[in-house]
Amino acid sequence: MAVRKNQADLTATEKRNFVDAVLELKRSGRYDEFISTHNAFIIGDTDNGERTGHRSPSFLPWHRRFLLQFEEALQSITPSVTLPYWDWTVDRSPRSSLWADDFLGGDGRSGDGRVPSGPFAFGNGKWPMNIRVDGRTFLRRSLGAGVRELPTRAEVDRVLAMTVYDAAPWNSSSDGFRNNVEGWRGPNLHNRVHVWVGGQMTTGASPNDPVFWLHHCFIDKLWAEWQRLHPKSGYLPTGSTPDVVDLHDTMKPWNDVTPADLLDHTKFYTYA
Amino acid sequence: MSRPTRRQVLNGSAAALAGAVLAAPVALADSAAARPAAGHGHSEGHKAPGGHEMPEPFDEVYQGRHIEGWPADEEAPENGSRARSGGPASHGTRASRGSRASQGSRSSHRGRAHPQSGQAGPHDGMDFVVRIDNDDLHVMRNADGTWISLVNHYETFTTPRALARAAVRELQGADLVPVVTG
């Protein structure tokens with residue numbers, strides 16, 4: 001059984017194996033397919049139309065499946081690799097070991113935001129921006145510039161206390177746990193972290209920054225924590241909701257997996 | 001006579017939509033009353049599906065970049081015609097064309113817009129077209145009337161103009177490129 005660990009607890013070897021597997025997926029072209037898929041859903045998911053990956057109840061199971069697929073790809077390179085998570089309520093500084101050059105590399109430089117060092121720096125030649133929204137071909141970040149503070153544990157706890165998974169109209173205007181985690185409502189958790197990192201993470205092509213996976217892994221862990229806190233609260237809606245993925249509806253782009261299949265993460269991995 | 005809108009041409013369904021354009025204003029007036037726009041509307045703005053007023057077109061140079069925007073069901077600006085759109089006469093023209101055409105077109109649009117079918121056009125699912133130096137910036141309206149763009153996708157803006165200005169700051173002189181969705 002795969003165990004997903006806090007990135008702060010990874011050994012030097014675990015960091016290197018993770019980075020090397022990510023770079024190999026990039027080299028082979030498989031990494032960019034994940035970016036394309038994410039970008040396509042970002043564009044296609046609308047509040048008043050069909051919505052699957054974002055701004056909808058299936059935001060959480062969709063990303064759970066998306067991360068599983070990415071983790072399986074990593075494991076096809078190095079079987080021992082699992083996704084780490086970034087608990088941004090604790091590691092909330094640009095000086096965190098997450099941003100060291102033996103892992104994700106650091107903040108972008110002033111002026112053009114280019115990440116100057118680390119495995120994903122443009123100068124290494126191993127991390128081209130092939131799927132992009134503008135002409136720049138280098139990884140960019142501006143940690144803490146778009147928004148000063150990452151969410152706090154108190155803000156996370158306030159969202160975890162919500163008893164209802166999601167609510168009509170099942171979009172960015174909904175009350176409930178899912179939309180408050182996603183960040184269109186309330187203290188703004190998931191969305192704010194994208195903005196805090198800056199660079200490609202603020203765009204529809206956000207998986208261009210490998211921190212995407214660590215961020216979403218923590219969002220996924222928060223869903224698991226919420227389930228433990230509210231064992232009687234289930235995924236909603238459960239049927240016949242236009243444009244929205246109900247509990248037993250299959251999800252695009254896989255078409256063979258439903259939210260119900262993904263509720264129990266312990267079938268696939270556990271969190272350390 | 002109003003010409004077919006860009007979106008109608010794209011969908012090949014101009015005839016089917018003509019009826020929707022004529023029939024929609026009453027229903028839209030109802031929904032607008034039921035859910036007033038929140039602080040971003042213009043009194044002369046369009047009523048849009050969902051009850052939010054469609055922002056006015058804009059056309060300006062911001063930090064050295066040409067930014068412009070207009071409701072997606074209108075004609076693209078040709079040789080500067082957009083600059084004349086503020087007057088009362090042209091307002092009447094816009095109102096008669098109306099943004100409800102997009103409501104009719106959206107369902108037929110959706111199959112193509114959604115990723116399952118592969119390539120998304122630059123304006124798929126959009127209510128409002130935004131360009132920076134003549135390149136399309138994909139934008140989207142949220143249910144609460146705020147806006148996001150592909151460049152700032154996790155941050156909301158009260159108007160497309162504010163979103164375009166934020167994109168200019170984010171781009172730091174870089175050009176937008178056509179969206180690749182696989």
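**View 1. Helix α3 of chain A is largely enclosed by the rest of the structure.** In this predicted model, 14 of the 19 residues of α3(A) are buried, which is why the helix counts as largely enclosed. Buried here means under 20% relative accessible area.

**View 2. Four strands of chain B form an open sheet.** The strands follow the order β3-β4-β5-β6, with antiparallel pairing. Strands β3 and β6 (135-137) stand at the edges with a single partner strand each, so one side of each has no neighbour in the sheet. Neighbouring strands are turned by 25° against each other on average, direction ignored.

**View 3. The side chains of strand β3 of chain B alternate between two faces.** In a regular strand, side chains alternate between the two faces of the sheet. Along residues 58-62, Phe58(B), Glu60(B) and Tyr62(B) point to one face and are buried.

**View 4. Strands β3 and β4 of chain B form a hairpin.** Two residues lie between the strands, and Gln63(B) in the turn has a positive phi of about 50°. Five bridges join β3(B) to β4(B) (residues 65-71), and the two run antiparallel. Asp59(B) stands opposite Glu68(B) in β4(B).

**View 5. Strand β5 of chain B is joined to β6(B) by three bridges.** Strand β5(B) comprises residues 128-132 and runs antiparallel to β6(B). The bridge partner of Ile132(B) is Asp135(B) in β6(B).

Key
Residues are numbered from 1 along each chain as its sequence is written. Chains are lettered from A and ligands numbered from 1 in the order in which they are written. This is a predicted model: local features need pLDDT of at least 70, side-chain atom pairs count only at pLDDT 80 or more; totals for chains, interfaces and linings use all residues. Side-chain values use heavy atoms; hydrogens and water are left out. Buried means under 20% relative accessible area, exposed over 50%, partly exposed in between (1.4 Å probe, protein chains only). Two strands pair if DSSP finds at least two bridges between them. Axes are lines fitted to C-alpha atoms, for helices over the stretch in contact, and angles run from 0 to 180 degrees between N-to-C directions.
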